[in-house]
Amino acid sequence: AAASAGSGQEPAARRMTVEAVRAYVDPNGGHAVYVFRCDDGSGDWEIRRRYSDFTQLQTRLGKHLEAHPTVAPPPKVYFGSASTGTIELRKPALAHYLTSLINHFPPDSSHPPTP
């Protein structure tokens with residue numbers, strides 16, 4: 001049963017899930033593109049991002065994550081970043097990174113990071 005107004009009970013928070021569904025090498029740029037399925041319980045959608053998008057996000061979040069050094073994308077690879085082996089290792093690591101960020105900055109957070 002749903003919590004009634006004034007009952008002191010908070011409604012159950014939706015649980016966001018992120019799953020790495022595939023990755024491919026962009027034929028125009030030669031870089032890897034990672035595809036994730038996100039689901040918040042009310043629907044799901046896909047996002048496509050390059051590894052550099054994650055490192056830029058990490059830089060922008062900087063001081064907000066200082067107390068949580070385990071919330072980080074996988075390390076940069078200087079050679080072979082578009083290789084099958086690197087891509088397959090990064091897919092679950094990037095999904096874990098996104099999930100960690102969601103848990104650290106929930107959608108209803110009263111102090112979301114500023115851009």
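**Entry 1: helix α2, buried side**

I looked up which residues of α2 are buried (under 20% relative accessible area, with exposed over 50% and partly exposed in between, 1.4 Å probe, protein chains only). They are Thr 86, Ile 87, Arg 90, Lys 91, Leu 94, Ala 95, Tyr 97, Leu 98, Ser 100 and Leu 101. An α-helix has 3.6 residues a turn, so residues three or four places apart point the same way. Next I asked what covers the buried residues of α2. The cover includes β1 (17-25), β2 (32-39), β3 (44-50) and α1 (51-61).

I note the ground rules here. This is a predicted model, where local features need pLDDT of at least 70 and side-chain atom pairs count only at pLDDT 80 or more, while totals for chains, interfaces and linings use all residues. Residues are numbered from 1 along each chain as its sequence is written, and side-chain values use heavy atoms, with hydrogens and water left out.

I checked the span of α2, residues 84-104. The expected span of a helix is 1.5 Å times one less than its number of residues. For the 21 residues of α2 that gives 30 Å, and the end C-alpha atoms are 30 Å apart, so the two agree.

Where does α2 bend? The bend is at Arg 90 and comes to about 30°. I took the bend as the angle between axes fitted to the seven residues ending there and the seven starting there.

**Entry 2: the whole chain**

I listed the elements, taking helices (H or I, at least four residues) and strands (E, at least two) as DSSP runs, numbered from the N terminus. The protein has two helices and three strands. The order from the N terminus is β-β-β-α-α.

Of the 115 residues, 27% are buried. I then looked at contacts (heavy atoms within 4.5 Å). Taking those between residues at least 6 apart in sequence, 48% join residues at least 24 apart. The accessible surface (Shrake-Rupley method, 1.4 Å probe; for residues, only the protein chains shown count as cover) is about 7,900 Å². Carbon and sulfur atoms hold 53% of that surface.

**Entry 3: the salt-bridge network**

How many salt bridges does the structure hold? I found six. A salt bridge here is a side-chain nitrogen of Lys or Arg within 4 Å of a carboxyl oxygen of Asp or Glu.

I started from Arg 37. Arg 37 pairs with Asp 44, with the closest N and O atoms 3.7 Å apart. Arg 37 also pairs with Glu 46, again with 3.7 Å between the closest N and O atoms. Arg 37 counts as partly exposed because its relative accessibility is 30%. Asp 44 is partly exposed at 47%. Glu 46 is partly exposed too, at 33%.

Glu 46 meets Arg 48 in a further salt bridge, at 3.5 Å from N to O. Shared partners join Glu 19, Arg 22, Arg 37, Asp 44, Glu 46 and Arg 48 into one network.

Asp 26 sits in the loop between β1 and β2. I looked for a salt bridge and found none, although Asp 26 is buried. For charge, Lys and Arg count as positive and Asp and Glu as negative; His and the chain ends are not counted. The nearest side chain of opposite charge is Arg 50, at 6.9 Å.

What does Asp 26 contact, beyond its neighbours within four places in sequence? Its contacts are His 31 and Val 33. His 31 lies in the loop between β1 and β2. His 31 counts as buried, since its relative accessible area is 19%. Outside four places in sequence, His 31 touches Tyr 24, Val 25, Asp 26 and Arg 50.

Val 35 is in β2. Its relative accessibility is 0%, so Val 35 counts as buried. Val 35 and Ala 23 are 12 residues apart in sequence, with 5.7 Å between their C-alpha atoms. Among the residues Val 35 touches are Glu 19, Arg 22, Glu 46 and Arg 48.

Cys 38 is also found in β2. Cys 38 is buried at 7%. Its touching residues include Met 16, Val 18, Asp 44 and Trp 45. I also looked up Thr 99, which is 61 residues from Cys 38 along the chain. Their C-alpha atoms are separated by 9.6 Å.
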